[in-house]
Amino acid sequence: MSKRIYVLNGPNLNLLGTRQPEVYGHETLDDVHKRLLSRAVELGFGIVFFQSNHEGEIIDKIHEARGQADGIIINPAAYSHTSVAILDALNTFEKPVIEVHISNIHKREAFRHHSFVSARAEGVIAGLGTLGYVLALEYFANAG
Ligand code: DQA
């Protein structure tokens, strides 16, 4: 059966491509979505993309994913380091969660080293650039 994966991106990731390209690269979020979509088509997966700069909207989308999605790929961006509320929302979701960070948060400032979401995620991909999103999708292709 084909899987439906929610791909959720947090604050400031709408500016990908122009936001600190030395850290996050030159690809836009739209480029990332296109790359994911082409792989999803090959896999026969459905993808729902969502980006928001607002914590509550991300939580609402996680609630929507309950009963709808077979998995969540999430880059909570700065909310990774602050949001117990997003962690709590993910804890209501019963399927796998993969956390993605474009940069290697462990090589950066100390306040980025801890992510609340990691306590819930099946896996965490950090520092592999936007390829991390595609690798997260491959996880769902390989997971039973
Ligand atoms: C990020 C890392 C976070 O620390 C930062 O706040 C972001 C993006 C990443 O993808 O590398 O906005 O999640």
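## Helix α5

α5 has 12 residues and reaches 17 Å from its first C-alpha to its last. That is close to the 16 Å expected at 1.5 Å a residue (1.5 Å times one less than the number of residues). Helices here are DSSP runs of H or I with at least four residues, and strands are E runs of at least two, numbered from the N terminus. The model is predicted: local features need pLDDT of at least 70, side-chain atom pairs count only at pLDDT 80 or more, and totals for chains, interfaces and linings use all residues. Residues are numbered from 1 along each chain as its sequence is written, and side-chain values use heavy atoms, without hydrogens and water.

The buried residues of α5 are Gly132, Tyr133, Val134, Ala136, Leu137 and Phe140. Buried means under 20% relative accessible area, exposed over 50%, and partly exposed in between (1.4 Å probe, protein chains only). Their cover includes β1, α2, β2, β3 (71-75), β4 (97-101) and β5 (123-126), with contact meaning heavy atoms within 4.5 Å.

## Helix α2

α2 spans residues 29-43. Its buried residues are Leu29, Val32, His33, Leu36 and Ala40. Seen down the axis of α2, these fall within an arc of 95 degrees, so they line one face of the helix (the arc is taken from the directions from the helix axis to the C-beta atoms). They pack against β1 (4-9), β2 (46-51) and α5 (131-142).

The face turned away carries the exposed Lys34, Val41 and Glu42. Just after α2, Gly44 takes a positive phi of about 75 degrees.
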